[in-house]
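Reader: Could you take me through one part of this structure up close? I'd like to hear about the place where the two chains meet.

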Amino acid sequence: MLFTMMLPALLLPVIGAAIDFTAMYIVKEKLQAAVDGAAIAAAQSLSAGTSFAPQQAAAQLCGQEFIAANIPTGSGPGGGGYWGAYTLQDSVVATQVPASKVTTVTISATVYLPMLFMRMLGENAATVGAYGQASRRSVVLVLVIDRSGSMGAELGAVQAGAAKFVNAFQGGTDMLGLVLISGSAFVAYPPHDWGKNPGAGAFNAAGPTGPDVDFNSSTVSPNMLDTLGNMTSGSNTGTAEGLMLAYKELQTANQPGAMNIIVLWTDGAPNGITADFNAGVLGTATNSLRFSGAAPTATNLSGCTNTNDGTTGQYPNVAANSILGWMAQWGGYAYNSNATQGVRERAQSSTAGMSVPLWTTLSAPGASGSDEVTLSHTSGPGNGCTWTDGSAINTVVNIPAMDYYGDATQGVNAPVPGTLGNQFTTSDYKQSNIWNTTTANCQKGAGGTGGVPLQLSGTFAGNASTSNTPSSNACQIGLASWNATDMAGRQIHADTVLSPIIYTMGYAGSVSGSGGVDVVLLSRLANVTGTALNPQTGLVYNTVYNNSITPGLYLQIQQVGDVSTAFDQLLSEILRLSQ
Amino acid sequence: MRNRKQTHRGVSMIEFTLIVPFWCTLLLGTFWCGTAMVRGLVVNEVARDLDSMWSRSTDFSATGAGGSNTILTSITQSLGTVTPTGTGVVWFTRLTYVGKSVCAGISPTYGVFTPTLTAYNPPCTNLGQFVITQQYSQGNTSLRSSAFGTAPVALLDASNDYEVDSAVTYATTATLVSNFNLLPKPQEAGADGYQSGNPIYVVEAYFTGTGPQGGVYGYAIF
């Protein structure tokens with residue numbers, strides 16, 4: 001009897017306490033979810049403003065907003081909060097550790113929870129707390145944009161998408177730069193001419209800086225956003241140079257603790273290379289330029305240099321007699337269009353007061369008023385050469401074995417730092433679209449009518465004249481450009497200190513298919529796995545995937561309306577990795 | 001002695017008979033209450049875990065089993081079945097706020113960086129609104145709709161994924177979010193926390209069974 005009478009007095013508090021503790025646990029889990037979500041959102045809002053102070057303030061406010069959104073709380077007991085929770089108190093703190101390139105958002109929050117049964121023991125409310133943290137690793141990013149003449153209706157969308165993309169990064173902390181690709185690429189932001197020594201030109205009075213933290217600062221004019229907005233389309237596609245300039249910029253910034261990223265936007269295959277066309281051994285047949293005439297002789301160009309780049313430049317390949325410039329297959333795809341129109345002046349190397357804004361808006365090489373001029377012995381950068389043909393096609397008898405940046409145009413680079421294995425082969429250029437596409441003539445001999453397939457080595461069968469008739473030479477230039485771009489990706493991926501990640505974006509320009517984009521090449525550059533077949537060529541996307549290298553992402557953009565989403569997706573991927 | 005014992009035994013039986021309904025009710029009530037509380041706890045954990053993964057680019061939109069949906073099936077199995085005829089549904093909704101900066105970004109006609117904010121081209125009809133930029137669901141959608149509105153079924157693509165394809169679309173024609181007042185609208189004039197154009201990832205999970213409204217519902221916002 002006594003036991004029966006006492007049992008409720010013993011069990012009811014126990015059951016009540018169990019319910020109260022369960023409620024506390026439920027609220028704690030909900031508060032933890034709120035803190036987790038708030039930490040992610042707060043880290044994302046670190047892009048606000050151009051310095052850390054406003055970013056810190058935005059992160060704090062955003063964190064508080066997301067906590068409140070996740071868990072309703074009242075101002076007091078009975079205020080309608082989650083399980084009656086009330087009086088939310090939180091602390092959102094963003095801190096930076098410059099040495100490790102990490103910004104951390106730390107959040108702690110507490111609420112009071114009214115007790116249902118424990119109040120019988122004098123406990124009216126319990127305090128429930130949660131703690132969360134999100135870190136954001138700093139980003140050093142170079143955006144490489146192909147502004148070649150084929151960039152048409154999509155240009156505005158690219159400018160808008162890229163601007164939104166750039167604005168999402170953390171000014172004052174993240175470091176961003178811009179390289180624009182024409183026939184010759186150049187560093188558009190922060191402007192710098194890698195062909196000149198520090199202090200020797202208009203673009204590099206302070207020397208190279210690499211990407212900087214002022215990319216969206218209103219105190220810098222033009223900043224990266226201004227330059228993007230001013231960009232127009234024109235000229236050819238020297239993709240290898242664009243990638244290597246981006247890499248040199250990353251090397252200059254030299255931030256091994258940060259995420260080092262190159263983002264490449266292109267709408268077509270590479271069709272130009274920048275090289276030293278007088279790099280061979282003087283007086284031998286290995287040289288690329290010969291004395292002119294209908295029948296090129298074996299005499300090279302001695303005592304000749306385009307002095308604006310020349311021996312005072314910063315490139316390792318420059319020799320005393322160097323003739324630096326670029327050439328491209330002319331007028332579109334390499335396989336079915338015109339050949340080159342000679343060796344032209346490299347971007348930013350002019351002494352004629354050329355500026356980044358002018359290069360950014362250059363319409364076409366050779367156009368009236370253009371500074372993207374053909375090298376000539378009579379005046380300008382080529383002055384001093386005993387080179388007699390300004391158009392130069394009949395003097396280019398070999399494609400240089402390497403481009404200006406050490407990328408092999410024929411075959412595979414010599415071993416580079418790092419261990420990549422031996423997946424790259426000397427015939428990988430045969431995986432390119434221009435080799436495989438059925439309309440191409442590159443593997444069928446001149447004119448696409450059959451004959452001996454081209455070999456990407458040996459003597460460049462230059463035209464006997466400067467005519468622009470389609471010829472197999474265009475294929476050789478295109479294939480050499482493809483190979484150099486592939487090797488540029490290999491060189492960049494071989495850097496085990498900065499460990500750059502390459503993201504590639506290819507604009508197809510139609511609802512289906514890949515347009516002029518070479519999916520295989522962009523997949524190789526991004527080091528993405530490629531077990532699927534390229535519908536255009538039937539080839540496996542990427543035979544050189546290396547799982548020891550952080551993969552990037554290849555995004556194929558079909559139409560103008562997809563551009564913004566692609567930049568959003570890329571941003572999501574980069575911020576996900578950096579958090 | 002025997003008679004007295006028999007008397008006590010009778011009293012105990014009566015006490016037991018009287019107390020059994022009370023204890024049974026208490027026991028069942030505790031069990032019911034505990035089960036409901038635990039399910040409420042788990043459904044919020046499910047929403048949080050899925051949202052955490054989704055906000056980091058995990059895609060749960062594919063139909064059928066396999067891929068990321070294996071994860072979804074695994075972490076929801078204690079709550080019910082997430083199939084078209086099952087006992088649970090999970091809604092994935094991505095929102096954003098269309099502010100002036102978004103509208104400026106879609107108006108290259110007026111200059112990307114120096115827009116005329118009052119004359120967007122195309123017209124920025126969703127200015128000042130939260131919109132749905134992506135939405136899909138897994139499970140039995142007849143059980144419960146999203147609390148934040150539903151994108152037109154006709155816009156679902158082959159992968160069961162409504163996703164607007166450009167900023168132009170979500171700034172002009174995307175489905176507006178209904179009843180979303182959990183976050184303040186950015187003012188874009190002074191200090192803002194949540195920034196216009198940034199994604200908001202919302203996961204809602206609902207499972208039938210014990211609960212105040214016939215089921216348990218939880219959500220998470222990242």
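Author: Here is a look at the interface, from its overall extent down to single residues. First, the ground rules: this is a predicted model, where local features need pLDDT of at least 70 and side-chain atom pairs count only at pLDDT 80 or more, while totals for chains, interfaces and linings use all residues. Residues are numbered from 1 along each chain as its sequence is written, chains are lettered from A in the order in which they are written, and side-chain values use heavy atoms, with hydrogens and water left out.

Counting contact as heavy atoms within 4.5 Å, chain A brings 47 residues and chain B brings 41. Together they bury about 3600 Å², and carbon and sulfur atoms account for 64% of that; buried area here is the accessible area (1.4 Å probe) lost when the two parts are put together, summed over both. On the chain A side, A:Glu65, A:Phe66 and A:Ala69 lose the most area to chain B, together 14% of what that side buries.

As for charges, the rule finds one salt bridge across the interface, meaning a side-chain nitrogen of Lys or Arg within 4 Å of a carboxyl oxygen of Asp or Glu. That bridge joins B:Arg48 to A:Asp36, at 3.8 Å from N to O.

Which helix gives the largest share of chain A's touching side? H1(A) does, with 19 residues; helices are DSSP runs (H or I, at least four residues), numbered from the N terminus. That side of chain A divides into 25 nonpolar, 14 polar and eight charged residues, where Ala, Val, Leu, Ile, Met, Phe, Trp, Tyr, Cys and Pro count as nonpolar, Asp, Glu, Lys and Arg as charged, and the others, Gly among them, as polar.

Notes:
Helices (H or I, at least four residues) and strands (E, at least two) are DSSP runs, numbered from the N terminus.
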